[in-house]
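Hi everyone, thanks for making time this morning. I'd like to walk you through one model, so please have a look at the screen.

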Amino acid sequence: MRILPTTPLVILSSLAAFSTPTSAEYVLRSSSLAACQENSGFTASLFDVVFTPNNLTASINMIATSSIEGHVIFDVSIFAYGLEIIHTQVDPCSSNLPGLCPMTSGKMNNPFNLPVTRDAIASIPGIAYTFPDLDASVRVFINRTDGTNPGESIACVEADISNGMTVDLIGVKWASAAVIILALLSSAIVNGLGFSNAASHIASNTISLFGFFQAQAMLGLCAIPLPPVVKSWTQDFQWSMGVINVGFIQNILTWYQRSTGGTASTLLDSLHTVSVQVEKRSIPMVEPAVDLARRSVGGLAKRAVQTSYGSYIVYGIQRVAFRAGIETTNLFLTVLTFFYIFMLLAALGVVLFKAFCELAVKTKMMKSDTFSEFRAGWFTVLKGVLFRWLLIGFPQITVFCLWEFTQNDSPAAMVLAVFFFVGILTTLSYAAYRVIRIARRSVALHRNPAYILFSDPHALNKWGFLYVQFRASAYYFIVPVLVYILVKGMFIAFAQRAGTVQAVALIIIEAAALIAASVLRPWMDKSTNSFNIAICAMNFINAIFLFIFTDVFGLPRLVIGVVGVVLWIANAAFALILLLMLIITTGIVLFHNNPDTRYQFMNDDRTSFMKSQTHIGPATSELDALAVTARGDGKMVKRSTDLEDDESGLSSSANNVAAANRPGTPNSGPHSGKDSARNSVRSSFRAPIDPVTGTYTSTEPYQQHLRGRASGSMRASSPLGASGSSTNLSGYPSHASGGATAGPRPPAGTR
């Protein structure tokens with residue numbers, strides 16, 4: 001199977017998070033230091049601590065600035081998931097720490113080793129060295145031992161601890177992206193081969209899974225303090241929102257921003273001189289003792305929050321950019337660039353595949369009827385692909401364009417944000433409007449919305465991305481989906497300073513989505529409904545977890561840490577199950593002789609309305625042509641499904657009826673209006689499209705046959721009539737070929 005080789009990659013990437021380091025020696029380290037009290041007398045611009053339990057030491061290398069003078073003692077506490085597992089006091093004089101006994105004001109640049117007792121090491125559980133994204137920190141209070149206020153805390157510093165293990169893995173990103181891309185390509189190939197039922201199921205599940213990946217990424221974009229494992233897990237799916245770091249693209253975007261009047265941030269280039277903290281629970285966003293203030297220092301961190309003691313805090317969307325190695329001022333342009341790149345690649349893929357098919361047919365490498373529908377209407381397919389990509393990228397465009405309105409990185413970036421957001425929103429809204437009008441017209445004419453929605457290949461290829469995943473009677477459900485994405489994106493973009501507001505809003509939004517999906521069940525069949533309802537349920541559970549992370553209940557830190565681990569495990573298992581389901585079903589479809597038989601036919605009878613020219617040859621005989629005309633199929637395979645054309649056709653019919661019923665008009669009479677309306681409807685019928693040439697087949701044979709018959713009657717000529725003309729009991733002369741008599745026609749209708 002073409003997609004199955006990615007399965008080991010997914011499993012290995014998931015298991016890599018649990019594997020031990022390549023070295024047999026356990027290590028705990030920290031590379032950031034933050035002050036934890038106001039007016040702290042000790043700050044560090046460089047801080048690197050490596051603790052190796054085998055040699056009972058912690059190696060410390062830092063460049064610090066101290067305003068403390070005199071003898072001090074270090075009060076050290078180590079926390080893991082909110083629990084204090086180690087508490088000890090270290091006297092720098094008895095430990096022979098150079099430069100710290102006594103402490104003197106000025107800069108400190110002396111690496112040293114801090115001894116750790118065996119009892120302290122024994123209290124550290126072994127899982128702390130292997131569990132990914134360990135939620136641990138060390139806090140050190142520097143207390144005076146002499147002077148007028150002995151025991152007074154004159155400084156406080158805090159550092160996060162890592163064991164080097166993380167679930168933010170490049171393998172998970174590539175594997176999940178590969179599965180999505182291969183599944184979409186498989187659905188396109190299966191659909192081109194004429195198995196539309198199987199292709200629609202694969203495409204629907206793939207888009208739903210991709211939407212789940214985007215929902216995971218949106219969790220990380222919220223301005224809510226997240227446990228380390230949640231931050232790393234959500235970072236795995238930021239690629240689905242266009243957050244992709246490519247070096248040369250970042251250089252181009254930085255140049256573009258500066259050349260258009262913007263000021264680029266240089267925070268990532270200054271990490272060796274400043275301390276940057278990724279927001280966590282122990283550093284609330286509004287703390288009077290810390291005096292957080294949004295300000296810029298020489299363009300160093302244009303969007304980051306700077307504390308009163310000189311360090312920076314990144315949160316929400318900025319946190320995602322920092323972890324991805326992208327300057328926050330480049331983030332919007334990065335997302336927009338990759339959105340446009342993928343759109344161009346999709347369009348280029350359709351054009352190249354069209355050229356390949358034509359070349360293969362000419363060189364007789366491929367049969368002339370293979371991918372015939374695609375070759376005949378490839379331009380309509382291209383427009384449908386671009387429309388589908390607009391729908392797929394709508395969440396990222398909504399979030400980052402609206403967020404850019406609050407950032408104003410440069411005048412050109414603001415113009416691009418307005419253009420893309422308004423343009424895509426207008427395009428999708430117009431597409432939804434067209435679908436609703438087509439469906440209502442189908443209901444008015446045929447009492448079934450599926451009739452025109454699925455019988456017209458032009459409408460199906462161009463607008464089908466909005467309704468093919470739903471049952472025909474739920475054609476309108478694309479409107480709630482667009483509203484859901486828009487409202488969710490607005491809260492994420494505009495409420496970056498109010499994490500609690502985001503959490504409450506997401507609970508309400510996800511609850512409404514879950515209720516609507518469970519009650520309406522709008523998707524095409526039972527399995528697809530179950531697939532999407534499960535995703536809605538998981539999104540609702542994640543929203544509840546986010547509300548817990550806001551700490552509005554004042555829960556213990558241990559509870560927050562445990563909830564973070566539960567979120568990671570639950571979502572990882574759920575995502576793996578969905579991936580395996582998609583891979584297995586896609587593989588079975590690719591190697592099945594008739595994939596459509598694997599899926600039950602939908603209750604809306606869409607399959608009976610879909611016409612695959614790959615499996616059904618054109619009607620060439622006279623009887624087939626008459627059947628096409630009688631059913632009205634010719635009207636539904638017109639070049640375009642223009643509702644205006646339908647309305648104009650009905651209007652012209654009505655005008656003909658009115659003109660025929662005017663007094664003094666030739667052929668006026670009680671039956672002339674019906675006859676005119678009937679002829680107008682007949683003239684609107686068109687023959688089927690030739691699948692290879694893309695042109696309409698000749699209708700002359702059966703048109704001549706119809707001209708030779710009496711209007712309103714399909715009976716053979718009566719043998720009693722003279723001179724080849726038939727007579728009837730109603731007194732109306734018949735219309736035989738060559739007949740000279742004229743008179744009113746018999747009433748139309750079934751005899």
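Let's start with a question: leaving aside its neighbours within four places in sequence, which residues is asparagine 532 in contact with? The answer is Ser208 and Trp523. Asparagine 532 itself sits in helix α16, which covers residues 526-549. With a relative accessible area of 7%, asparagine 532 is buried.

Before going further, a word on confidence. What you see is a predicted model. The protein chain averages a pLDDT of 76, and 71% of the residues score at least 70. Over residues 612-621, though, the pLDDT is below 50, and this stretch has 17 contacts in the model beyond near neighbours in sequence. The pLDDT also stays under 50 over residues 665-743, where the model has 97 contacts beyond four places in sequence.

Now to the strands. Strand β4 spans residues 57-66 and has a covered face and an uncovered one. On the covered face you'll find Ala58, Ile60, Met62, Ala64 and Ser66. The uncovered face has Thr57, Ser59, Asn61, Ile63 and Thr65.

Next, a few helices. Helix α5 runs over residues 228-235, and seven of its eight residues are buried, so α5 is largely enclosed by the rest of the structure. Among those buried residues are Lys231, Trp233 and Gln235.

What about helix α8, residues 328-362? That is the place of leucine 348. Leucine 348 counts as partly exposed, at 45% relative accessibility. Together with Ile341, Phe342, Leu345 and Leu352, Leu348 makes a nonpolar surface patch of about 440 Å². The spacing of those numbers brings up another general point: an α-helix has 3.6 residues a turn, so residues three or four places apart point the same way.

Let's finish with some loops. Arginine 497 is in the loop between α14 (478-494) and α15 (499-520). Is arginine 497 buried or exposed? Its relative accessible area is 67%, so arginine 497 is exposed. Arginine 497 and cysteine 222 are 275 residues apart in sequence, and their C-alpha atoms are 9.5 Å apart in space.

Moving along, arginine 521 lies in the loop between α15 and α16. Arginine 521 is not a glycine, yet has a positive phi of about 45°. At 46% relative accessibility, arginine 521 is partly exposed. Aspartate 551, in the loop between α16 and α17 (557-590), has a positive phi as well, near 65°. Aspartate 551 is partly exposed, with a relative accessible area of 25%.

That's my tour, and I'm happy to take questions!

Methods:
Residues numbered from 1 in each chain as written. Predicted model: local features only at pLDDT ≥ 70, side-chain atom pairs only at ≥ 80, totals over all residues. Heavy atoms only, no water. Helix = DSSP H or I, 4+ residues; strand = E, 2+ residues; numbered from the N terminus. Buried < 20%, exposed > 50% of the residue type's maximum accessible area, 1.4 Å probe, protein only. Contact = heavy atoms within 4.5 Å. pLDDT = per-residue confidence, 0-100. Patch = residues over 30% accessible without salt bridge, like charges linked within 9 Å, V, L, I, M, F, W, Y side chains within 5 Å. Areas by Shrake-Rupley, 256 points an atom, 1.4 Å probe, with all protein chains shown as cover. Salt bridge = Lys/Arg side-chain N within 4 Å of Asp/Glu carboxyl O.
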